Amino acid sequence: MESGARASFRVAILLGVVGLAVLGASGCGSGLVRQYEYEEEIYLSVDGSASVYVNTSLAALVNLRGVDLKTDPSAPLDRDVVRKIYNSDVAHVVRVSAWRRFGRRFVQVRLQVDDITKLGQAPLLAWSTYQIDRLDDLLVYRQRMGASAAKPVGPVGWNGSELVAVRLHLPSRIRYHNAGADNLKRGNILVWEQTLVDRQAGKPIEIEARIERTSILYSTLMLFAVSGGLALLVMVLIICWVVRKGRGRVKS
């Protein structure tokens, strides 16, 4: 019996390892973990406000948006300069972070936006137009990313495989999108990808997603509220029944 238990334990471990390997392979194949040279990540709310994260190498930022920054990864980075070039009347910089990858320096700029349809007025995001339409029970989000600055940056280690992406986090059920058959990536996340070469050439990225106008969070809270109310009602009814039954026993 003991040897049989050990054998079963070994089989369970082997199956677990195989399962993890399969999951890892499928995750890599489906693009759950991707490295982008430039990425705009948008967390959209149903009221049109948004948190926007720009994750980019300094080389891509200079090349695509035409700013004047040093691309040498060993050069000191002045985060206040990065904050200044991203701050605008329509987008407030919350935080600037930095790291190195592939021998290049990367930055993340977190922006808070009150109205996503005005984000194209921000100088470094003016290559896109942002639009929201409300049709019956749907909210339709559209974005078109146009030409880049294509500013020369010299040799920075690019090999032609670099990717650019727009990642959209949506707050409610998705009814339609044009992100491609391999989306949704995770929950309510859509990703539009493009090669850096195509982005440098200004090939447009056309984005459209249609979602329900009631957020998932609101629906979830309403469900909890209704469920809690029903549970409380049932508890009150049970207490009333117990009290009445106790009074009947006392009278008898």
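User: What is the volume of the largest pocket?

Analyst: This is a predicted model, in which local features need pLDDT of at least 70 and side-chain atom pairs count only at pLDDT 80 or more, while totals for chains, interfaces and linings use all residues. Residues are numbered from 1 along each chain as its sequence is written, and side-chain values use heavy atoms, with hydrogens and water left out. A pocket is an open set of points, on a 1 Å grid over the protein atoms alone, where a 1.4 Å probe fits, with protein on both sides within 12 Å along at least five of seven lines. With volume taken as the space filled by probe spheres set on the points, which are joined across faces, edges and corners, the largest pocket has a volume of about 150 Å³.

User: Which residues lie nearest the centre of the largest pocket?

Analyst: Lining residues have an atom within 4 Å of a point, and the lining of the largest pocket divides into four nonpolar, two polar and six charged residues. In this division Ala, Val, Leu, Ile, Met, Phe, Trp, Tyr, Cys and Pro count as nonpolar, Asp, Glu, Lys and Arg as charged, and the others, Gly among them, as polar. Of the twelve residues that line the largest pocket, those nearest its centre are Arg34, Tyr36, Glu39, Asn55 and Arg167.

User: Which elements give two or more residues to the lining of the largest pocket?

Analyst: Helices (H or I, at least four residues) and strands (E, at least two) are DSSP runs, numbered from the N terminus, and the protein has five helices and ten strands. Two or more lining residues come from β1 (38–44) and β3 (92–101).

User: Is Arg167 buried or exposed?

Analyst: Arg167 lies in strand β7 and, setting aside residues up to four places away in sequence, touches Tyr36, Glu39, Glu40, Glu41, Ile42, Ile189, Leu190 and Val191, a contact being heavy atoms within 4.5 Å. Buried means under 20% relative accessible area, exposed over 50%, and partly exposed in between, with a 1.4 Å probe and protein chains only. Because its relative accessibility is 11%, Arg167 counts as buried.

User: In which sense do β1 and β7 pair?

Analyst: Two strands pair if DSSP finds at least two bridges between them, and β1, with six of its seven residues buried, also pairs with β2 in the antiparallel sense over seven bridges. In that pairing Tyr38 stands opposite Thr56 in β2, whereas the bridge partner of Glu39 in β7 is Ala165. The six bridges between β1 and β7 run in the sense called parallel.

User: Why is helix α2 largely enclosed by the rest of the structure?

Analyst: The buried residues of α2, among them Leu58, Asn63 and Arg65, pack against β1, β2 (50–57), α3 (79–86), β4 (104–113), β7 (163–169) and α4 (196–200). Just after α2, Gly66 takes a positive phi of about 75°. The helix, residues 58–65, is largely enclosed because, of its eight residues, the number buried is eight.

User: What is the relative accessible area of Arg186?

Analyst: Arg186 is found in the loop between β8 (174–177) and β9 (189–195). The C-alpha atoms of Arg186 and His169, 17 residues apart along the chain, are separated by 9.5 Å. Arg186 is partly exposed, because its relative accessible area is 48%.
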